[in-house]
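Subject: Structure handover

Hello,

My notes on it follow below.

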Amino acid sequence: MTSSLLPSGIFFILICYYFWSCSGEVESDGDPRRPSFAPIVGIDFYEVRRSFDNGLAYDSIGFVQEPEWHIKFTREDAVQIYVPGSDSSFNFQITHDHDSFFHFARESWKVVDLHPDSIMLQRLSLDGLKVNKIRSNVYMRFYSKDYLSQLKTPLAELRKPHRYDTLFVQKMVQRANRNPESVDSSYSSKNYPKLVSTSPMLEIKRKQYDSLEMMNQSSAYEYLYPEYDIVIHKAYKDFSYTFSMLVGPDGKLHLGKFFVMPEFEESRRRVLSGVIDVYLQNLLDITPASTLGLPHSSVVYLRVQGKTS
């Protein structure tokens, strides 16, 4: 899975204070292969498309690339990046590496296209001083504010998924729904399954990650692997289990994966299936995952505690 770029919210703000650059051979300013940001200094650019190198914004597990950046090159060696959803902005020094490779905002970039109306950046993943070509597969297209006004198409409209995104998602959804009991066929979504208690017997809380926990995680981790903590009161006995569960497009719950010694696998499977069928299916209001408006089978990760009291 390709990691997302700068996450929004608190984590975005925290990491913006830390500037990282990867050391490498820096060539002279006279390098003819080095693009100049001078022609676009002072121009507001808005991201209109973020995709993988196959042209799709979605991948096979449900990760989605979403355009959200608003940037301005304030000098040839400095860029201002606005926090999505706010009026805050942060300034970064631009460090040239070699050719069209640059470092800023904790990332490494290749300038693919640079024009006063439009720019394209490729996010690079580095292994030491070498570019990992397989993982350097995210491209970001920006249009200038003036060019957007000429198009007369709202920015929000330009940022919507393309037709081939929809066709790909439809294929993934069909695969997931053909196999609602298979974790390997399931599809994650930003609109992950929502589970809400309908009884005082059951308490449920979705795990929230703080900024420190997310430091080494993709910002997509929370929706790719949604976790819930559940406490069942007046259970048949005291217990504590950790397992995954599939939520079907119809709200039907199925046991996913769990870890136990092989000799106990069948007995544990019966117990966990019983917990799902007796308690969770009957004491939860269930909203299945959906992508582009299409409900589909998806996985949630549970820590379930039973208390006789």
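Arg123 counts as buried, because its relative accessibility is 9% (buried means under 20% relative accessible area, exposed over 50%, partly exposed in between, with a 1.4 Å probe and protein chains only). Arg123 sits in strand S8, residues 118–124. Strands here are DSSP runs of E with at least two residues, numbered from the N terminus. The side chain of Arg123 has a polar contact of 3.1 Å with the side chain of Glu107. By polar contact I mean a pair of N or O atoms within 3.5 Å; within protein, one must be able to donate a hydrogen and the other to accept it, and residues adjacent in sequence count only if both atoms are side-chain atoms.

Before you go further: this is a predicted model, where local features need pLDDT of at least 70, side-chain atom pairs count only at pLDDT 80 or more, and totals for chains, interfaces and linings use all residues. Residues are numbered from 1 along each chain as its sequence is written, and side-chain values use heavy atoms, with hydrogens and water left out.

Now the sheet. It is open and has nine strands, in the order S4-S3-S2-S1-S11-S8-S7-S6-S5, with antiparallel pairing. Strands S4 (89–93) and S5 (95–96) are at the edges; each has a single partner strand, so one side of each has no neighbour in the sheet. Two strands pair if DSSP finds at least two bridges between them.

- S2 (residues 70–75) and S3 (residues 78–82) are antiparallel, with five bridges. Arg75 is opposite Ala78 in S3.
- S6 (residues 101–104) and S7 (residues 107–114) run antiparallel and share four bridges. His103 is opposite Ser108 in S7. The two strands make a hairpin with two residues between them, and Ala105 in the turn has a positive phi of about 55°.
- S7 and S8 run antiparallel, joined by six bridges. Ser108 has Leu124 as its bridge partner in S8. S7 and S8 also form a hairpin, with three residues between them.

One more residue. His233 lies in strand S14, residues 227–233. The His233 side chain makes a polar contact of 2.7 Å with the side chain of Glu203. Neighbours within four places in sequence aside, His233 is in contact with Pro200, Met201, Glu203, Lys307 and Ser309 (contact means heavy atoms within 4.5 Å).

Best wishes
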